[in-house]
Amino acid sequence: MGNRGRRTFLTGGLSLVAAGALARPRLLAAQTAPASAGPPDQKLVEDLVAANRILVDQGVLDGYGHVSVRHDRDPRRYLMARSIAPELVTAADVMEYDLDSTPVDARGRTTYLERFIHGEIYKVRPDVNAVMHSHSPSVIPFGAAGVELRPLYHMSAFLSGGVPVWDIRAASGGATDMLVRTPALGRALAQALATRPVALMRGHGNVVAGVSLPQVVFRAVYTEVNARLQMQAMTLSGTVTYLDAEEAKRAEASIAGTLGRPWELWKRKALAK
């Protein structure tokens with residue numbers, strides 16, 4: 001074989017190898033993509049869209065943050081939007097994920113870097129059907145100042161069991177960009193949350209869990225409100241009276257049956273915009 005023929009043969013061979021190398025990741029992705037649980041209830045999708053917009057309207061989310069809901073057909077799947085500002089979320093943006101936070105059908109859409117927060121909490125909390133992560137502004141100081149966030153009034157009675165502060169530096173063993181971008185960090189955060197409804201994230205924000213979207217939205221809103229009111233009360237007096245355990249228990253039980261009232265109001269306002 002002449003030099004020209006040899007070069008052609010080698011070039012052709014390399015092209016085939018390169019083509020195979022490019023094809024393999026696509027084939028591997030197709031083989032490893034999790035199976036879908038099937039189409040979710042459209043009302044659930046509508047409520048997820050509403051939850052995103054409500055939380056923006058109530059000052060909990062802005063251009064960042066995310067909320068998810070467990071799939072109604074399979075507890076091993078959850079629904080969350082693609083990476084997009086919460087106020088812009090529509091039903092078409094909602095994606096399905098497995099509990100490893102792998103999208104079922106990405107179709108080239110980008111996903112939230114911190115989606116692992118959601119999947120890892122769902123793994124260890126079968127009682128949880130909705131999760132929210134925000135940079136709720138009044139809450140952030142309580143994750144950094146060494147002052148415990150405590151229930152100041154009946155609307156935030158769910159905080160009575162204690163609000164842990166999770167420090168990503170301690171969890172990772174060193175400096176990070178503060179983002180929960182790995183399953184390991186998501187697991188560490190889920191462990192800190194444990195059985196509670198709210199955990200603070202030092203220098204970052206908070207995570208809120210609930211049995212439903214209306215409940216997680218309610219808790220996210222009133223965590224922010226309580227933080228704001230607590231700071232106001234602390235500027236007035238060094239002695240602030242908080243709900244005791246029995247008061248909180250009774251208040252939370254009373255309010256539990258009324259969550260539909262603010263939810264329907266907030267949903268109507270948010271979806272009308």
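At what angle do the axes of helix α3 (residues 116-124) and helix α5 (residues 183-193) cross? Select both helices: the axes cross at roughly 50° and come within 8 Å. Axes here are lines fitted to C-alpha atoms, for helices over the stretch in contact, with angles from 0 to 180 degrees between N-to-C directions. Helices (H or I, at least four residues) and strands (E, at least two) are DSSP runs, numbered from the N terminus.

Before going on, note that this is a predicted model: local features need pLDDT of at least 70, side-chain atom pairs count only at pLDDT 80 or more, and totals for chains, interfaces and linings use all residues. Residues are numbered from 1 along each chain as its sequence is written, and side-chain values use heavy atoms, leaving out hydrogens and water.

**Stop 1**

The crossing is right-handed, which is the term used if the near helix is turned clockwise from the far one by less than a right angle.

Now show side chains. From α3, pick F116, I117, E120, I121 and V124; they meet P183, G186, R187, L189, A190 and L193 of α5. Contact is heavy atoms within 4.5 Å. These residues divide into eight nonpolar, one polar and two charged. Ala, Val, Leu, Ile, Met, Phe, Trp, Tyr, Cys and Pro count as nonpolar; Asp, Glu, Lys and Arg as charged; the others, Gly among them, as polar.

**Stop 1: the sheet**

Switch to cartoon. Seven strands form an open, mixed sheet in the order β3-β2-β1-β4-β7-β6-β5. Strands pair if DSSP finds at least two bridges between them. β3 (94-98) and β5 (165-166) each have a single partner strand, so one side of each lacks a neighbour in the sheet.

**Stop 2: strand β2**

Three bridges join β2 to antiparallel β1, and six residues separate the two strands in a hairpin. On the other pairing, β2 and β3 run antiparallel over five bridges. Center on Y78: R70 stands opposite, and the partner in β3 is Y97.

**Stop 3: β4, β7 and α6**

Five bridges join antiparallel β4 (residues 130-134) and β7 (residues 205-210). Find M132; its bridge partner in β7 is V208. Finish on α6 (residues 213-236), which lies across β1 (66-70), β4, β6 (198-201) and β7, at about 145° to β7.
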